[in-house]
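This report describes a few side-chain contacts in one protein chain. Look at the sequence and the structure before reading on.

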Amino acid sequence: MIRRQRLAAGVCALLAALTAGLAFPAGAAADETEQAAPKVELVLDVSGSMRTRDIDGGTRMAAAKQAFNEVLDATPEEVELGIRTLGANYPGNDRKTGCKDTAQLYPVGPLDRTDAKTAVATLAPTGWTPIGPALLKAAGDLDGGDGTRRIVLISDGEDTCQPLDPCEVAREIAAKGIGLTIDTLGLVPDAKTRDQLSCIADATGGTYTSVRHKEELSDRVGQLVDRAADPVVTPVAAEGAAECAKAPALKSGLYTDREEFGQQRWYKVDVNPGQELRASVSVADDRAVDPDYGVLLRAVTLHGREIVRGEAAGNGRTDVISTGLRYPRPESDDDEAAAETVCLQVTNSFSAAAGVKTSPGLPLELTVDVVDGPSHAADVAAFGLGRGWWLLGALVLAGFVAGLLWGWLSRWRVAVWRTN
């Protein structure tokens, strides 16, 4: 009966959705046009080492220019694109001056392909490699707005402007919770360059790619620019509290936070009678951590009673660990029954490796979804079986009866055989 009701409801919902889509096409188009334009800034290393001729017989700079021209031709119309350089203007030996050498070659905005290509054509390998300062400036170039924001960093060497560690800069950018992703590409990188660029990408949920050929560079940069145009859910920054009473109240959505090593964070969600709370959390180890770690997600009442929990453990082979839970609140006969406040507690058991900074905390992503719950309590899972308990009971009973019949028939046949 319940299955037939659900099938009928699903058909009605599908028909309603189709009807709405046919009846209001203009409204749907209006919603799409209101979405903020995705923004991308290409950050190019123009330091002296880009003169090296080791990419398909040409210089690294020539490969980068060719890739940029191809990407500019193929950039989707809806993407606002900009270009920033590092090490392009100061050829001297003064470190202080060289580490300020980053400039916006083409401003982030609607793309004029001819102007952008002309600006790229003027570049020549020049100076230092201030990756950290360039990332800070690039984050400022993309500041503001709710659309997708992406930095694509192309470099052939390590940052030469320590102690401003570019990996720490990337973590600080991620800690702001502004939803900015940094992807990195290493041109014929050595081990140190690869480790640094990987760390920068990992800190913001981006990707790292090692590039040794012109075609690889063009394809990868093009993919990353196209990816910015894909619709995504932008996480909302939320700051969990040390106790449930002071926790922020969350609604259905995707949230980001930072959690110190071994710390616990609290959040609150209201659940009405007949609704189901579904929550999941992911914690990333964006730096070196000791093996054997875990994450715990608990749903607790305001009085401290645990309702349900989800937990997961890792052994150092993954850089993200996730778990989730479900809490269906039963329906109430009282039409005016108040919402129940459920406290969500997130705890991690990570520990930092020797010499690794513990601040800012580990990136945390929390998904909250409050939906209509099952139509009857019998639909709620019980020890993982739900209504399967009825089937299990029927099978046990059938097996018991079949065993009795088989035993009786066997004894009857033996008795007949002995008589004959």
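What is the handedness of the link of C167 and C199? In this predicted model, the torsion about the S-S bond is -50° and the link of C167 and C199 is left-handed. The two sulfur atoms are 1.6 Å apart.

**The disulfides**

The structure holds 3 disulfides. They are listed below.

| Disulfide | S to S distance | Torsion about the S-S bond |
|---|---|---|
| C99 and C161 | 2.0 Å | about -100° |
| C167 and C199 | 1.6 Å | -50° |
| C244 and C343 | 1.8 Å | -70° |

The disulfide of C99 and C161 is left-handed, because its torsion is about -100°. C99 sits in the loop between α4 and β5 (102–109), while C161 sits in the loop between β6 (149–155) and α7 (166–175), so the pair connects parts 62 residues apart in sequence. C99 has a relative accessibility of 12% and counts as buried. C161 is buried as well, with a relative accessible area of 5%.

The link of C244 and C343 is also left-handed. Here a loop is tied to a strand: C244 is in the loop between β9 (236–237) and β10 (249–250), and C343 is in strand β17, so the joined parts are 99 residues apart in sequence. C244 and C343 are both buried.

When the bonded cysteines are numbered in sequence order, the pairing is 1-2, 3-4, 5-6.

**The aromatic pair**

A pair of aromatic rings is described by the distance of the centres and the angle of the planes. A search of the whole structure finds 1 such pair. The ring centres of Y293 and F350 are 4.5 Å apart and the planes are at 20°, so the pair is stacked; planes under 30 degrees apart count as stacked. Y293 is in strand β14 (residues 293–300), and F350 is in the loop between β17 (340–348) and β18 (362–372). Y293 is buried, at a relative accessible area of 3%, and F350 is buried at 4%.

**A glycine in a loop**

Where does G92 lie? G92 is in the loop between β4 (80–86) and α4 (95–98). With 23% relative accessibility, G92 counts as partly exposed. G92 and T126 are 34 residues apart in sequence, and their C-alpha atoms are 8.8 Å apart in space.

How values were computed
Residues numbered from 1 in each chain as written. Predicted model: local features only at pLDDT ≥ 70, side-chain atom pairs only at ≥ 80, totals over all residues. Heavy atoms only, no water. Phe/Tyr/Trp six-rings, centres within 6.5 Å; stacked < 30°, edge-to-face > 60°. Helix = DSSP H or I, 4+ residues; strand = E, 2+ residues; numbered from the N terminus. Buried < 20%, exposed > 50% of the residue type's maximum accessible area, 1.4 Å probe, protein only. Disulfide = S-S within 2.5 Å.
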